[in-house]
Amino acid sequence: MNRAASRVAPARPVTPDPVPTSEAAGDRDRRVTVDLAAAMVAKGIGLAAPLVVTPACFGYLGDQRYGLWMAVTALTGMAWFADLGLGNGLLTRLSHHVTDVRAQAREISSAFATLGAVAVVLVTVLVAVGPTVPWAGLFGVTDARVASDASAMVLLCFGAFAVNIPFSLIQRIQYARGQVVRSSVWQSAGALVAMVAVLGAITAGWSPLVVIGCAVLAVPLTNLLNTVAYFWFQEPALRPGPTLVDRTTAVVLLRLGLQFFALTTMSSLALNMDSPLVAYLLGPSVAAHYAVVGKLFAVLSVFVGLVGMTIWPVNGIALARGEVAWVRRNTRRMVLLYGVIVGVVGGALVGFGPRLIELWVGDIDRAEVSLALLAGLAGWSFLVAVTSPLIMVQNSVGLLRPQFVGWASFLVLAAGLKVWGLRQFGLAGLPVAACLAYVLTIWPAVFVGYRRALAGDRPRRPVRRAKERTDAHLSG
């Protein structure tokens with residue numbers, strides 16, 4: 001799903017257009033369509049990489065080591081809020097500083113400096129505390145060889161995640177500047193590099209930790225190369241530097257980020273609790289089977305997230321100009337697009353899922369891949385998909401309170417229902433519990449927030465005051 005990653009308030013409101021022209025709306029429609037098509041093609045190239053790597057990794061690492069890896073990966077997913085919201089804050093501010101290159105450079109430099117400090121702190125804490133945690137016992141690992149590598153695996157996965165925090169800013173910068181295709185190509189390249197490296201390590205018979213390292217280090221390495229190429233060859237005027245780091249700008253970015261810090265925490269925990277819960281209650285072997293099935297439906301989440309990130313900045317600019325009718329029409333179009341594509345593909349995965357998994361992975365317990373589990377995952381994907389466009393409208397104006405209420409309620413209700421469902425029905429009870437909790441908590445909150453966003457209920461005052469302080473500081 002969209003991991004709730006695009007939730008920020010606009011830093012520089014655009015002067016409203018009293019009467020939006022049909023030509024402007026038509027240009028925006030064409031831009032959205034082209035960006036979506038190009039990004040989907042580029043992203044599709046990279047989607048094949050994890051599908052190819054999964055059966056090789058599952059067979060080479062074994063079910064316990066692979067299940068432990070997936071559980072640790074899910075924990076890193078819960079920690080996406082560690083960037084303090086600066087990535088999304090930078091995305092918003094850059095999209096409203098289109099003509100001021102100097103201001104953009106200050107924003108970029110301040111964001112890199114702040115997140116660089118965060119990464120150093122996280123790595124330091126990880127090195128000091130990580131080895132003292134009994135990771136193997138926490139996830140029920142019984143294989144002594146796997147248990148001996150548990151701490152090193154956690155250090156490797158979380159270390160790669162921490163290092164990638166500042167490097168991932170390049171994706172937000174490219175999206176803010178309308179370079180969706182370029183960003184998607186780089187991300188796809190990272191997936192392909194990871195695929196080649198992992199398959200090469202397996203073929204060479206290298207240790208399991210080296211195989212996992214090839215998989216988790218490919219993303220930060222690709223983002224680093226993308227950053228160097230972008231600022232040193234493509235956009236040198238925006239290149240970050242120590243002299244451009246501005247305290248006031250950093251404070252404003254932090255304020256923007258902290259507005260949705262709690263929201264991102266809630267959504268990240270809620271969306272990544274499944275694998276750790278399965279590993280804890282049913283064991284890492286079952287968690288490995290669940291992770292394989294989940295990867296099939298992860299393609300749908302990638303699609304939802306890709307489209308959401310593409311339309312989010314466009315929605316924000318349109319609402320700032322008062323073009324509510326276009327946003328409403330575009331949202332209906334996105335709901336229909338999401339519903340049709342996710343519904344059709346999800347139905348196909350339910351019908352052909354067991355056979356696909358058998359051909360894809362081979363040695364897997366078919367009893368753990370029931371039709372009830374597949375149908376539940378398809379239903380969950382559909383619910384999230386048709387809700388996402390309404391969330392994107394609220395994200396574009398920073399209307400966070402309804403979403404926070406919804407996600408906080410979902411986290412509490414879903415955790416209890418999932419534990420009960422796993423104990424009573426096994427894996428099949430997990431997505432059913434998630435769907436029930438989602439309908440009861442997220443849906444009402446999303447519809448209320450969507451109506452408020454279109455009605456102009458947007459928390460702009462704190463942002464305007466922060467912007468005025470920054471502008472005064474820069475002019476001084």
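Phe-233 is exposed, with a relative accessible area of 68%; exposed means over 50%, buried under 20%, and partly exposed in between (1.4 Å probe, protein chains only). Phe-233 lies in helix H9. Together with Leu-221, Leu-224, Leu-225, Val-228 and Trp-232, Phe-233 makes a nonpolar surface patch of about 600 Å². Patch residues have over 30% relative accessible area and no salt bridge, and nonpolar side chains are joined within 5 Å. A salt bridge is a side-chain nitrogen of Lys or Arg within 4 Å of a carboxyl oxygen of Asp or Glu.

This is a predicted model: local features need pLDDT of at least 70, and side-chain atom pairs count only at 80 or more, while totals for chains, interfaces and linings use all residues. Residues are numbered from 1 along each chain, and side-chain values use heavy atoms, without hydrogens or water.

The protein has 18 helices and zero strands. Helices are DSSP runs (H or I) of at least four residues, strands (E) of at least two, numbered from the N terminus. Of the 476 residues, 54% count as buried. The protein exposes about 19500 Å² (Shrake-Rupley method).

Confidence is given as pLDDT, from 0 to 100 for each residue. The protein averages 82, and 85% of the residues score at least 70.

| Helix | Residues | Mean pLDDT |
|---|---|---|
| H9, highest | 208-234 | 95 |
| H18, lowest | 461-475 | 45 |

Over residues 1-21 the pLDDT is below 50. Residues 460-476 also have a pLDDT below 50. Where pLDDT is low, the predicted coordinates should not be read in detail.

Technical notes
pLDDT = per-residue confidence, 0-100. Contact = heavy atoms within 4.5 Å. Patch = residues over 30% accessible without salt bridge, like charges linked within 9 Å, V, L, I, M, F, W, Y side chains within 5 Å. Areas by Shrake-Rupley, 256 points an atom, 1.4 Å probe, with all protein chains shown as cover.
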